[in-house]
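Reader: I would like to go through the labels used for this model one at a time. Please set each value against its cut-off before you conclude.

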Amino acid sequence: MDIPMRVSRTFKAEIQSLPELVIFLEKVLEEAGTLEEESFDIQLAADEIFINIASYAYGEGEGEVEVAVSIQDDSIMITFTDSGIPFNPLSLPSPDTTLGIDERRIGGLGIHLVRELMDTFTYQRQDTKNILLIEKKRG
């Protein structure tokens, strides 16, 4: 790929929009010639983030999330931007995966998975927006 690519799309922040997100990302990653293993990791991380936003960002209200994909020769970055409740997922402690399933706290495994799969995972609150960025190095 010689020319960097950037595409974005806005989705309703609801679980029912997940299939649309999956199709969008599959198409973009395929067009960019992303390796199957990298694509799988990116899709899984993106699904986790989107589900969290859809489930918690707007409480009982409705909202949207913009998903922007930037692809360069050496990396793929996906930025999730929403106007929901301020929440920094990086402030959560990593779950103790050495504990048995009955001993663990509920929740936190999705964010842990994103941390493990991605090379970069950042959060910032800018004005009234939550901005999450994940990045996967290529190759």
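Author: Buried means under 20% relative accessible area, exposed means over 50%, and partly exposed is what lies in between, with a 1.4 Å probe and protein chains only. The model is a predicted one, in which local features need pLDDT of at least 70 and side-chain atom pairs count only at pLDDT 80 or more, while totals for chains, interfaces and linings use all residues. Residues are numbered from 1 along each chain as its sequence is written, and side-chain values use heavy atoms, with hydrogens and water left out.

Reader: Is Glu 135 buried or exposed, and what makes it so?

Author: The relative accessibility of Glu 135 is 11%. Buried means under 20%, so Glu 135 counts as buried.

Reader: Which label does Asp 127 get, and why?

Author: Asp 127 has 74% relative accessibility and therefore counts as exposed. Asp 127 sits in the loop between E4 and E5. The phi of Asp 127 is near 60 degrees, a positive value in a residue other than glycine.

Reader: What makes E4 and E5 strands, and how do you know that they pair?

Author: Strands (E, at least two residues) and helices (H or I, at least four) are DSSP runs, numbered from the N terminus. Two strands pair if DSSP finds at least two bridges between them. E4 and E5 (residues 129-137) have seven bridges in the antiparallel sense, so they count as paired. Thr 120 stands opposite Glu 135 in E5.

Reader: What is the order of the strands in the sheet, and why are E1 and E4 said to stand at the edges?

Author: The sheet is open and has five strands in the order E1-E2-E3-E5-E4, with antiparallel pairing. E1 and E4 (120-126) each have a single partner strand, so one side of each is left without a neighbour in the sheet. From one strand to the next, the twist averages 15 degrees.

Reader: How many bridges hold E2 to E1 and to E3?

Author: E1 and E2 pair over eight bridges in the antiparallel sense, and Ser 8 has Ala 68 in E2 as its bridge partner. Seven bridges join E2 to E3, also in an antiparallel run, with Val 69 opposite Ile 78 in E3. The hairpin from E2 to E3 passes through three residues. Six of the eight residues of E2 are buried.

Reader: Which residues count as contacts of Val 7?

Author: Contact means heavy atoms within 4.5 Å. Apart from neighbours within four places in sequence, Val 7 is in contact with Phe 24, Val 28, Val 67, Ala 68 and Val 69. Val 7 lies in E1 (residues 5-12) and, at 27% relative accessibility, counts as partly exposed.

Reader: What makes Thr 81 buried or exposed?

Author: Thr 81 has 17% relative accessibility and so counts as buried. Thr 81 is found in strand E3, and its contacts beyond four places in sequence include Glu 64, Lys 129 and Ile 131.

Reader: How do the helices lie on the sheet?

Author: Angles run from 0 to 180 degrees between N-to-C directions, and axes are lines fitted to C-alpha atoms, for helices over the stretch in contact. H1 (residues 18-31) lies across E1, E2 (64-71) and E3 (75-82), and runs at about 175 degrees to E1. H2 (residues 36-57) packs on the sheet and touches E1, E2, E3, E4 and E5, with its direction at about 170 degrees to that of E5.

Reader: How do you know that the length of H2 agrees with its number of residues?

Author: The expected span of a helix is 1.5 Å times one less than its number of residues. H2 has 22 residues and should span 32 Å; its end C-alpha atoms are 30 Å apart, which agrees. Just after H2, Gly 59 takes a positive phi of about 55 degrees.

Reader: How many salt bridges are there, and why is the pair of Glu 20 and Arg 9 called one?

Author: There are three salt bridges in the structure. The term needs a side-chain nitrogen of Lys or Arg within 4 Å of a carboxyl oxygen of Asp or Glu. For Glu 20 and Arg 9 the closest N and O atoms are 2.9 Å apart, so the pair meets the definition. Glu 20 is in H1 and Arg 9 is in E1, 11 residues apart. Glu 20, at 36%, counts as partly exposed, and Arg 9, at 33%, is partly exposed.

Reader: What are the distances in the pairs of Asp 41 and Lys 137?

Author: Asp 41 and Lys 136 have their closest N and O atoms 3.2 Å apart. Asp 41 lies in H2 and Lys 136 in E5, so this pair ties together parts that are 95 residues apart in sequence. Asp 41 is buried at 12%, and Lys 136 is buried at 12%. Lys 137 forms its salt bridge with Glu 135, with closest N and O atoms 3.3 Å apart; Lys 137 is partly exposed at 42%.
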